Amino acid sequence: MNDTITAISSAPGEAGIGIVKVSGPGCKDVMKRLMVRFPEEIEPRHAYLSRVSRNAADPEAEIIDEAIFLFMEGPHSYTGEDVLEIQAHGSNTGLKNILQAVLDSEVEGVRMAEPGEFTKLAFLNGKMDLSQAEAVIDIIKAKTDLSLSIAESQSAGRLGDKIREIRETMLDVLAQMAVDIDYPDEDEDFAGDYDGTALVSQLRWVLNDIEELLDTASIGRIAREGVRVVIAGKPNAGKSSLMNALLGEGRVIVTDVPGTTRDTVEESVSIGGVPIVLVDTAGLRDTEDKVEKIGIERTAQAMASADLIILVLDGSQDLDDKDDTVLEYIEKMNNEHLLVVINKNDLGITITEEDVKEKLPGASVVSTSLVGGGVPEAVKAVADAVTEMYDIGRLNAREMNIVTNERHVRMLRNAEMNINEAITMIQNGDPMEVIELSAHYAYDSLGNIIGEEVGDEVLDRVFSKFCLGK
Amino acid sequence: MDSKNTHSYEVIVIGAGHAGCEAGLVAARMGMKTAMFCTDLESVAMMPCNPSIGGTGKGHLVREIDALGGEMGVNTDKTFIQSKMLNTSKGPAVHSLRAQADKHRYHDEMLRTIGEQERLDLICAEVSEFIVDDPDRAAIEQNSAAETGTGYKRIGRITGIRTSDGTEYSADAVVICTGTFLGGKIFIGDDVTVSGPAGLPPACALGENLRELGFPVRRFKTGTPARMLRDSLDYSKMKEQKGDDKIVPFSFLNEDKEYDIDQISCWLSYTNEETHRIILDNLEKSAMYSGNIVGVGPRYCPSIEDKVSRFRDRKRHQLFVEPEGLDTDWMYIQGMSSSLPEDVQHDFYSTIPGLEHAEIVRPAYAIEYDCVDPLSLKPGLESKILENLFCAGQFNGSSGYEEAASQGLIAGINAVRKIRGLEPLVLRRDQAYIGVLIDDLVTKGTNEPYRIMTSRAEYRLLLRQDNADRRLTQIGYDYGSVSEERYQRYLEKSRKVDEEVTRLRSRKTDIDSFRAFLLKHECDLAPEDADPELIERKRRDMAETGNQTFADILRRPAISYDDLAEIDDESRPQLGSNEKTEVEVMLKYDGYIRKQINEVEKLRNLENKKLSESLDYNSIRGLRLEARQKLSDIRPLTVGQASRISGVSPADINVLLIYLEKEMRTSSTL
């Protein structure tokens with residue numbers, strides 16, 4: 001009835017050892033089918049070296065490899081079910097052969113595992129909490145050292161611990177509110193009327209913790225997905241040239257007709273070991289052309305989510321109103337990470353670095369010609385900018401709880417919003433049962449991050465903290 | 001069986017306390033030939049503990065009982081001597097009505113109602129045994145051997161009862177609500193007496209019979225404070241607690257009745273360090289500490305020795321002196337229950353201001369009794385162990401008159417429904433506090449006597465006391481417990497409220513009177529301690545505020561529905577107090593209420609996903625062992641109910657959802 005699932009669980013590529021993992025009730029049968037020398041009794045967590053055959057009827061006939069078979073009995077295994085690890089030589093073809101042999105073994109219910117299914121089983125079987133499971137998936141997906149170290153600390157439960165700590169404070173708040181509502185007769189010296197100031201200061205404390213976690217989210221995202229770089233500038237200033245230069249290949253069409261690149265284009269690339277996501281935007285300018293207007297809105301959105309904005313200016317012309325429009329947008333973004341590339345200096349430069357600094361005091365500026373051999377210079381300027389940001393992220397990541405998961409960010413924002421609401425309502429003198437509702441939603445959102453079940457903990461807290469009458 | 005000693009009824013109710021009265025009355029009103037059994041006439045609708053009905057959460061229950069056609073609200077309205085709306089400083093969702101009832105009149109009036117009820121007999125005899133049709137011996141043994149909370153097997157069907165003198169009564173369904181009488185034992189210091197509450201005879205044989213039948217019987221305990229003679233107390237040393245000027249009745253049937261009664265006051269006093277010293281010095285003499293009591297007591301109703309020893313930093317604890325009725329000179333000392341010996345009680349009570357010369361007419365005592373693990377009940381309160389047996393009140397592990405009455409009403413309704421082959425009435429958590437109460441009991445079980453609290457309800461803003469009829473009267477009518485008269489009143493009230501809400505949503509007044517009105521209420525009538533700057537700012541804002549509808553104005557915190565009369569015209573209808581509250585709440589809390597309704601809708605999904613009673617949880621891949629056991633034992637009816645079982649994690653619920661989806665796909669491809 002239960003399926004037995006299998007997959008190659010080591011990373012693709014040539015390596016010394018590769019692993020094929022099997023989970024489910026059919027593990028022992030798989031061993032029986034594949035092992036040329038099958039021991040009479042299998043001891044869990046014991047390494048058995050055997051040649052691997054894909055023909056159970058005549059094992060010697062079709063030997064495909066030699067491997068170590070390691071059997072772990074459920075529930076004391078990663079997934080909580082019986083697990084078999086076949087550790088073989090690490091070549092792709094060799095591992096695929098073993099995987100195929102497992103699938104062809106005719107063991108009942110054997111099938112390929114879906115992506116992340118081993119971890120899903122581990123979560124479903126109560127082997128890890130939700131934030132740990134998500135972290136494992138992040139580890140599996142981690143592209144760089146940095147994101148790996150964040151994922152590791154989250155997996156060890158550091159984020160979970162922090163969330164639990166915040167929830168403890170929230171529990172005190174909720175207990176206080178529950179007493180206020182359910183025991184209106186209580187001695188006012190001890191429970192009675194609620195002390196709004198004290199509640200607000202407790203909620204502020206929680207809010208502060210949540211905001212600190214949220215602040216780490218952008219660092220976390222940089223570590224996970226790379227620095228998000230948005231290239232902006234008026235039509236035909238050379239944005240696509242810069243993007244192509246950075247990508248090292250001509251993926252984006254470059255023309256002389258302004259407004260060709262109407263949609264935003266995203267590409268992932270690694271520059272000096274730093275992962276970045278490049279976003280090329282439609283030429284920014286005020287326009288009545290509807291199609292182009294959509295493109296401009298997208299650009300504005302893209303800039304709002306950028307870690308680094310690169311503004312490309314056509315240095316051969318004076319700054320015109322189109323440039324001014326772009327500059328206006330950029331000023332609105334209030335992003336301190338800004339790099340200005342003055343392009344086409346081969347065509348006679350009219351815009352100087354000083355002109356730019358005057359308009360955008362915080363920006364780094366480089367003057368070059370992208371079509372005239374200035375590419376290395378531009379690339380270096382970009383590399384310097386992203387490396388600096390990345391290093392800051394890396395430094396912080398080692399010391400802090402970092403939120404990397406989109407769902408966690410959403411839940412934290414939800415908690416933040418509800419606590420803010422609760423504070424405002426307390427200050428407005430709104431009724432307690434409505435305030436409590438917001439506080440409770442916040443508490444639930446936090447619990448959602450660690451996947452904790454909601455029980456009677458508020459009442460337990462009420463009875464342990466307050467001495468109540470009837 | 002067909003001896004002349006056999007009497008035949010359709011419904012038999014064992015016990016005539018607050019649960020029994022509701023069960024008996026509703027069964028008879030729904031057309032059943034019904035008998036109620038009590039060991040002593042005095043025990044009918046008796047209040048063996050505090051002389052009050054309602055309070056936070058509990059007041060909501062009484063309203064709901066009333067909306068479903070029950071008796072508790074009506075009977076309280078006939079007999080109260082003080083009435084108070086609690087939590088008025090908070091929003092209307094947690095306003096809670098509480099009345100001091102006259103104990104004796106409450107009993108008398110209920111007795112009269114029972115006597116006048118057609119098809120209902122009250123029989124004074126001790127029920128000692130269940131008659132079970134062809135009991136399954138193997139299942140009985142299995143149940144007896146099972147650990148608490150696990151593996152309840154059906155042993156057969158109940159067909160009647162036998163009383164201690166051997167008389168048999170046959171019944172199609174039986175409701176058991178034995179309160180603290182079943183295996184009752186009273187503790188005062190070292191003194192242990194086999195007894196029901198207030199010195200009435202206990203019912204011991206039936207408890208033994210339940211054990212023989214393999215029921216998961218356990219012991220709970222509760223306590224009550226001393227009673228004192230009215231004239232022996234010094235009221236000048238205590239603080240008077242008066243009733244409200246404006247009396248709101250419990251029953252929707254009494255909505256527009258004027259109550260003009262002389263209310264009786266309660267009195268507030270405090271313990272002090274001397275009281276605490278005496279208690280702590282004698283702690284080991286308390287029955288609770290001697291180890292004599294095995295039963296579990298409620299955390300929310302601790303004895304005074306519990307309070308003093310657990311919260312040692314507190315310098316005082318409050319207590320209320322409450323009259324037990326008009327024709328009695330007994331006073332009830334709320335907040336001071338104890339199981340210390342009488343002489344110690346005398347010593348510590350007399351340290352309290354006002355109680356120095358108190359004459360104790362009945363000492364405080366603890367009482368221990370038999371009850372059943374509520375996990376052995378189905379959501380309709382039918383026993384999983386014995387078919388056609390319905391259970392209610394303290395027997396199910398709850399505590400409190402109101403909690404008991406709620407279950408009695410539902411158990412009575414469902415006994416009738418079962419006889420008629422109809423689906424049981426199961427209220428959802430978003431429909432009623434009664435739904436929360438019963439769902440908690442049968443889904444989570446309880447380790448202490450269970451008391452309702454508003455914080456147990458997820459949808460507090462929906463479960464208000466002003467709209468209990470909106471939530472439940474239609475349901476009660478459909479299920480047969482609500483009379484035509486009540487139903488018509490409900491329809492009329494709903495129509496009036498809805499019309500008024502619609503009217504207020506469109507009605508405006510001229511801009512000048514509008515601004516003058518706002519200025520008066522928000523600035524001129526602002527409290528003395530209000531921030532003058534804020535008032536000044538408001539004054540400026542006010543001048544710019546445009547013309548709004550009455551519904552918009554009502555959303556402002558300082559404005560009440562009554563205030564609006566000042567700028568209204570003759571189109572304003574005459575509304576009763578509940579109707580006004582409902583109109584006000586519907587408009588004032590519109591946004592919050594909608595937010596909660598959205599939450600309900602989201603979860604409704606889970607509540608609508610039905611789980612088969614015969615589902616084999618062991619065959620579902622991915623369920624954790626603990627969840628498998630719990631689900632197999634409790635057999636939830638919906639995924640929503642499953643999600644509330646302790647030991648079933650969100651992960652298990654995901655597994656269940658995945659399983660159901662797979663099942664659905666398989667069956668649709670067949």
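Reader: Is strand β5 of chain B, residues 80-86, mostly covered or mostly exposed, and how many of its seven residues are buried?
Author: The model is a predicted one, in which local features need pLDDT of at least 70, side-chain atom pairs count only at pLDDT 80 or more, and totals for chains, interfaces and linings use all residues. Residues are numbered from 1 along each chain as its sequence is written, while chains are lettered from A and ligands numbered from 1 in the order in which they are written. A residue is buried if 20 or more other C-beta atoms, placed from the backbone, lie within 10 Å of its own. By this count β5(B) is mostly covered, and its buried residues number six.

Reader: Which residue of strand β6 of chain B is the bridge partner of Phe80(B)?
Author: Strands are DSSP runs of E with at least two residues, numbered from the N terminus, and two of them pair if DSSP finds at least two bridges between them. β5(B) and β6(B), the latter covering residues 96-101, pair in the antiparallel sense over six bridges. Within β6(B), the partner of Phe80(B) is Ala101(B).

Reader: Which residue of strand β17 of chain B stands opposite Glu240(B)?
Author: An open sheet of six strands in chain B has the order β16-β17-β18-β19-β15-β20, with antiparallel pairing. Its edge strands, β16(B) (239-241) and β20(B) (360-362), each pair on one side only. Three bridges join β16(B) to β17(B), residues 266-270. Opposite Glu240(B) stands Trp267(B).

Reader: Why are helices α1 and α11 of chain B described by the term they receive, and what is that term?
Author: α1(B) (residues 18-29) and α11(B) (residues 401-419) pack with their axes 7 Å apart, at an angle of about 30°. Axes are lines fitted to C-alpha atoms over the stretch in contact, and angles run from 0 to 180 degrees between N-to-C directions. Angles under 35 degrees count as roughly parallel, over 145 as roughly antiparallel, 65 to 115 as roughly perpendicular and the rest as oblique. The two helices, α1(B) and α11(B), are therefore roughly parallel.

Reader: What percentage of the 470 residues of chain A count as buried?
Author: Chain A has 15 helices and twelve strands. Of its 470 residues, the buried share is 45%.

Methods: Helix = DSSP H or I, 4+ residues; strand = E, 2+ residues; numbered from the N terminus. Buried ≥ 20, exposed ≤ 12 C-beta atoms within 10 Å, placed from the backbone.
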